[in-house]
Amino acid sequence: MLEQIPAAELRYVGKRTPRIDAKEKLTGQATYVSDMVLSGMLYARVKTSPHARARIVSINTEKARKLPGVRAVVIGEELDYRVGLYVVDKAILARNEVRHYGEAVAAVAADSIEIAQKAVDLIDVEYEVLKPVLHPLDALKDDAPLVHPNLGEYDYMEAAFTPKPGTNIANHTKLRKGDVEKAFEEAEWTIEREYTNPSVQHVPMETHVAIVKWGYDDEVTIWSSAQSPFTLRNLFCTAFRLPHRNVRVIVPHVGGGFGGKAGIGIEPLVAVLSKKAGGAPVKLTATREQEFSLLPCRSQLTYRIKTGVSKDGKILGQKMTMYWDSGAYADYAVNVTRASGYSAGGPYEIPNAQVDAYTIYTNKPFGTAYRGFGHVEFHWGLERHMDLIARAIGMDPLEFRKRNALREGSTSLTGEKIRANTGSILKCLEAAESAVGYGTLTEAEKARQEKTGMKIGKAVVGLHKAPAMPPFTATAVILRMNEDSTVTATLSLTDYGQGTYTSIAQMIAERLGFPIQKVKIAFESDTDHDPYDWQTVASKGLLLSGNAAILAAEDLLKNAYEIAAQALRCQVVDLDHDAEKIFIRHHPESSVTFRQLAIGYCYPNGNSIGGPLIGVGRYIAQGLTHLDKDTGQGLPALDWTYGAHGMIVEVDEHTGEYNVLKVASVFDVGKVINPDAVRGQAIGGMLQGLGTATCEGYIYDQEGHLLNPSFTDNKIPTAKDLPLEVESISVETPQIDGPYGARGVGEHSMIAVAAALGNALQNATGAQITHMPLRFEDVWRAIQRREPVDNWITKSPYGSCRSAPEVQRHQQQEC
């Protein structure tokens with residue numbers, strides 16, 4: 001949409017534009033739900049399970065109920081509700097059995113936080129501790145306990161997912177393309193290895209927080225830090241069997257989400273407390289420790305890849321098996337599995353492929369959407385595997401990637417034809433190669449090695465991702481002209497830090513031809529007042545809402561032109577406009593101002609025409625299909641964003657300590673709307689990716705207790721951990737159906753960062769690491785056990801492999 005307009009003709013699109021919310025946030029004037037206090041508001045606290053799996057024998061709440069200041073106490077037996085988006089498998093509070101450490105078993109609403117916490121401490125729960133299942137491969141065994149014995153009774157989205165009752169498999173996504181076994185028979189080499197990564201926490205600055213008031217006649221108002229107000233309303237109404245008109249969701253500023261606040265969260269629990277407290281508003285703010293255990297995380301993944309390669313270095317076939325640890329509930333994890341399944345081969349052409357992606361229940365905190373939606377996890381294994389293959393066949397890893405990269409005329413795993421406008425992974429790889437000087441060391445780098453005694457390694461990795469969403473995903477934008485001819489846009493896409501609202505303001509200003517100072521984006525989303533949007537996830541916001549915003553601007557101009565044509569007694573086709581007025585092109589002195597038209601045009605005699613100027617834009621994803629459940633064939637992708645990272649590291653071979661010297665991140669964004677926003681996403685996502693690569697990860701004991709539910713032992717990176725040099729590079733291959741040719745890039749900067757680090761470390765030291773995070777001690781251990789490549793992989797029709805010791809327990813390969 002408007003992708004063919006030359007950059008020189010654009011006034012705002014493609015130009016650096018300050019964030020429209022920057023001053024409000026920097027001065028502390030932005031209002032978050034965390035800041036809100038309502039009249040008569042109560043405060044909630046939650047009693048959580050100290051066990052990973054246990055039968056609830058009894059819950060005694062008598063002492064808590066008698067505590068002065070306590071207004072409501074609820075336990076699971078009172079609540080016959082279940083919530084979920086794709087698989088409706090989660091109770092509001094645990095009933096009969098707890099399924100993970102930190103699961104909520106009771107909740108209290110009281111006059112103060114202190115009273116609520118004291119009441120929670122007075123609740124006595126008797127448990128019968130049961131043996132948990134903690135690894136997805138253990139959960140697949142015939143004698144494994146069933147996390148959800150009633151899986152067959154749950155509702156789920158039948159068009160997309162396939163739960164397996166009587167097992168711990170919440171979903172099995174299958175993809176079949178060509179004949180993979182024949183490809184292995186014809187291959188010169190077959191290479192097989194397993195890669196793993198742990199669960200990690202989203203760590204938004206603002207934890208989950210909600211205020212709910214359950215009013216008369218079941219009229220419910222929710223203030224939430226949610227990412228998606230309409231999806232929250234829909235799931236809430238479905239769970240409580242309420243008409244949608246009864247429930248109002250308000251989302252003000254949100255302090256980060258990264259996927260963890262998608263769907264529905266703590267709101268149903270707060271709602272039942274409010275109802276039981278007689279309709280008083282109740283506020284629940286999750287503690288940081290509860291973010292790690294009560295609330296969802298990114299799923300753990302075990303990824304097995306077997307690849308057959310021809311003599312000239314072309315991938316002939318690839319078998320990919322993913323074991324996704326959904327934790328105790330799989331509502332959102334099943335869609336992560338689906339999205340990772342159809343993207344599993346990365347930005348490479350694989351003529352014969354087999355993908356089996358399993359969502360598996362275990363007794364751990366449950367997984368959900370996380371920035372990258374599964375792609376961070378599987379690209380760790382995939383891009384490490386690309387380097388492994390290249391070394392095994394004696395080819396440079398970057399050359400191997402280029403030789404097998406998707407390009408115009410290629411076919412994706414699901415049968416989609418790659419076109420010129422799809423984007424270019426080759427341009428991204430080449431730009432990253434140039435940015436880090438791949439393949440050589442500069443004189444300065446050689447001198448640094450000599451001075452520090454540390455070895456320098458370089459790597460380039462590729463990546464891709466498409467929005468993971470239903471084929472009917474839709475959005476709308478309403479544009480209203482104010483009395484002074486400024487305009488206000490309302491939409492329900494949530495800007496929780498990514499800066500999309502600024503980009504949308506740029507596009508509206510561009511299409512209207514107005515100064516951007518005349519465009520306001522209303523930050524508070526309200527389901528009673530604002531138009532529909534599916535969810536703020538998947539890097540789809542800029543494309544879908546951007547298109548809707550352009551259409552809203554065009555609709556407003558159309559309505560304005562129609563009134564102006566009457567006022568000026570001319571044809572609409574003869575009109576044009578500037579920032580202040582609409583005029584007749586061949587008689588420009590004949591004009592009417594937007595101010596005169598804004599709320600209706602009034603003739604000199606008092607007669608009036610028109611009315612308030614409003615523009616409405618609606619947009620829905622085009623041409624998507626459900627995937628065939630047996631073959632995985634179909635069209636799941638609205639667009640593909642390709643990218644690459646180049647990385648330079650230095651490593652002390654004696655200690656395993658390393659420094660990241662440079663990261664160059666390259667993305668084919670279609671069209672840069674705001675260069676500062678793209679750079680901000682590139683740097684922020686890259687550092688978040690380095691965090692999961694270097695230090696983040698859940699650690700459990702054998703009973704399933706989470707041992708590091710805080711920043712004390714579960715570190716995240718800070719500004720001090722930035723690489724010495726960061727470069728952000730944009731490639732522009734316009735997306736035909738994108739606004740001004742743009743496509744999303746919000747998640748992509750985090751994808752494959754870990755693999756770039758692992759490959760660069762290996763290039764410097766020979767250290768083989770197949771599990772992340774890559775802590776200094778992990779690198780040191782890998783250096784100690786490093787072996788020549790010829791010792792662990794051989795050229796043969798059947799291949800050979802050796803796995804890293806930390807994953808041998810579940811290895812089922814002929815190694």
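# Cavities, pocket and strand pairing in a predicted model

The lining of the second largest cavity comprises 3 nonpolar, 5 polar and 4 charged residues. In this classification Ala, Val, Leu, Ile, Met, Phe, Trp, Tyr, Cys and Pro count as nonpolar, Asp, Glu, Lys and Arg as charged, and the others, Gly among them, as polar. The model is predicted, with pLDDT of at least 70 needed for local features and 80 or more for side-chain atom pairs to count, whereas totals for chains, interfaces and linings use all residues. Residues are numbered from 1 along each chain as its sequence is written, and side-chain values use heavy atoms, with hydrogens and water left out.

The volume of the second largest cavity is about 130 Å³. On a 1 Å grid over the protein atoms alone, a cavity is a set of points where a 1.4 Å probe fits but cannot get out; a pocket is an open set with protein on both sides within 12 Å along at least five of seven lines; and lining residues have an atom within 4 Å of a point. Grid points are joined across faces, edges and corners, and a volume is the space filled by probe spheres set on the points. Among the residues that line the second largest cavity are His172, Thr173, Lys174, Arg338 and Asp628. Strand 9 (residues 169-177) gives the largest share of this lining, 3 residues. Helices (H or I, at least four residues) and strands (E, at least two) are DSSP runs, numbered from the N terminus.

The largest cavity has a volume of about 410 Å³. It is lined by 29 residues, of which Lys90, Ile264, Gly265, Ile266 and Phe366 are the closest to its centre. Strand 5 (90-91) and helix 7 (267-276) are the elements that give two or more residues to this lining. By class, the lining of the largest cavity holds 17 nonpolar, 8 polar and 4 charged residues.

Attention now turns to an open site. The second largest pocket has a volume of about 1,200 Å³. Its lining counts 46 residues, and those closest to the centre are Pro198, Glu696, His771, Pro773 and Arg775. Two or more lining residues come from each of strand 10 (189-197), strand 15 (300-309), strand 30 and helix 17. The lining of the second largest pocket divides into 20 nonpolar, 13 polar and 13 charged residues. Pro773 is joined to Met772 by a cis peptide bond, with omega about 15°. Pro773 lies in the loop between helix 18 (753-765) and helix 19 (776-784).

Strand 30 and helix 17 (residues 675-694) also belong, with strand 31, to a right-handed β-α-β unit. A crossover is right-handed if, with the strands pointing away from the viewer, the path from the first strand over the helix to the second runs clockwise. Strand 30 (residues 658-668) pairs with strand 31 (residues 725-731) in the parallel sense over 7 bridges; two strands pair if DSSP finds at least two bridges between them. Phe667 has Ser730 in strand 31 as its bridge partner.

Antiparallel pairing is found around strand 2. Strand 2 (residues 54-60) runs antiparallel to strand 6 (residues 97-98), joined by 2 bridges, and pairs in the antiparallel sense with strand 8 (residues 124-129) over 6 bridges. Ala54 stands opposite Val98 in strand 6 and opposite Val129 in strand 8.

At the level of the chain, an automatic or database domain assignment supplies the domain bounds. It gives domain 1 (7-30 + 473-620), domain 2 (33-132 + 208-285) and domain 3 (372-465 + 634-787). The C-alpha centres of domain 1 and domain 3 are 39 Å apart, and 24 residues of domain 1 are in contact (heavy atoms within 4.5 Å) with 22 residues of domain 3.
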